[in-house]
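Please read the following report with the sequence and the model beside you.

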Amino acid sequence: MIELNVCVGSSCHLKGSYNVIQAFQQMIEEGALHDKIEMKAQFCMKQCQRGVSVSIGNDTYSVSPETAREFFRNTLVPMTK
């Protein structure tokens, strides 16, 4: 199972972390990926200068509400195969 963490700290909250979470939740539902992706909220990832911080394993990415769906399709979905 892939553990997907989305930062909900102050800076990421202001940059749209809850919109990113909503987009990811919707895509998990649409793709029936509940058994492959476990999404969690996490407080500060110490990447405040970037967009919304998202981590998968040891890798941290910068995502915005506008790029969340593309990130999910291009980065997460291939990991579930």
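The protein exposes about 4800 Å² of surface, of which carbon and sulfur atoms supply 49%; accessible areas here come from the Shrake-Rupley method with a 1.4 Å probe, and for residues only the protein chains shown count as cover. This is a predicted model, in which local features need pLDDT of at least 70 and side-chain atom pairs count only at pLDDT 80 or more, while totals for chains, interfaces and linings use all residues. Residues are numbered from 1 along each chain as its sequence is written, and side-chain values use heavy atoms, with hydrogens and water left out.

The protein carries 8 positive and 8 negative side chains, and the centres of these two sets lie 5 Å apart. In this count Lys and Arg are positive and Asp and Glu are negative, whereas His and the chain ends are not counted; the place of a charge is taken as NZ of Lys, CZ of Arg, CG of Asp or CD of Glu.

**Overall build**

The protein contains three helices and four strands, where helices (H or I, at least four residues) and strands (E, at least two) are DSSP runs numbered from the N terminus. Read from the N terminus on, these elements follow the order β-α-α-β-β-β-α. The radius of gyration of the protein is 12 Å, close to the 12 Å that the globule rule gives for 81 residues, so the protein is as compact as a globular protein of that length. For this comparison the radius is taken over C-alpha atoms, and the globule rule is 2.2 Å times the number of residues to the power 0.38. Along its principal axes, the C-alpha trace spans about 30 × 25 × 20 Å.

Contact means heavy atoms within 4.5 Å. Among contacts between residues at least 6 apart in sequence, 67% join residues at least 24 apart.

**The interior**

Of the 81 residues in the protein, 38% are buried, a word that means under 20% relative accessible area, with exposed meaning over 50% and partly exposed lying in between (1.4 Å probe, protein chains only). The largest nonpolar core has 23 residues, and those with the most contacts inside it are Phe 24, Ile 37, Phe 72 and Leu 76. Strand E1 (2–7), helix H2 (17–30), strand E3 (52–56) and helix H3 (68–79) each supply at least two residues of this core, and the largest share, six residues, comes from H2. A nonpolar core is a set of buried Ala, Val, Leu, Ile, Met, Phe, Trp, Tyr and Cys residues joined through side-chain atoms within 4.5 Å.

Which residues does Phe 72 touch, not counting residues up to four places away in sequence? The partners of Phe 72 are Phe 24, Met 27, Ile 28, Leu 33, Ile 37 and Val 77.

| Residue | Relative accessible area |
|---|---|
| Val 20 | 0% |
| Ser 55 | 7% |
| Phe 71 | 10% |
| Thr 80 | 14% |

Val 20, which has its place in helix H2, is in contact with Val 6, Val 52, Val 63, Ser 64, Pro 65 and Ala 68. Val 20 and Thr 67 are 47 residues apart in sequence, and their C-alpha atoms are 8.5 Å apart in space.

Ser 55 lies in strand E3 and touches Glu 3, Leu 4, Asn 5, Gln 42, Met 45 and Thr 60. Phe 71 is found in helix H3, where its partners are Phe 24, Val 54, Ile 56, Tyr 61, Val 63 and Leu 76. Thr 80 is found in the segment after H3 and touches Ile 2, Leu 33, Lys 36 and Ile 37.

**Two exposed loop residues**

Ala 32 lies in the loop between H2 and strand E2 (37–42) and is exposed, with a relative accessible area of 56%. Its phi is near 50°, a positive value in a residue other than glycine. Lys 46 lies in the loop between E2 and E3 and is likewise exposed, with a relative accessible area of 66%. The phi of Lys 46 is near 65°, again a positive value in a residue other than glycine.
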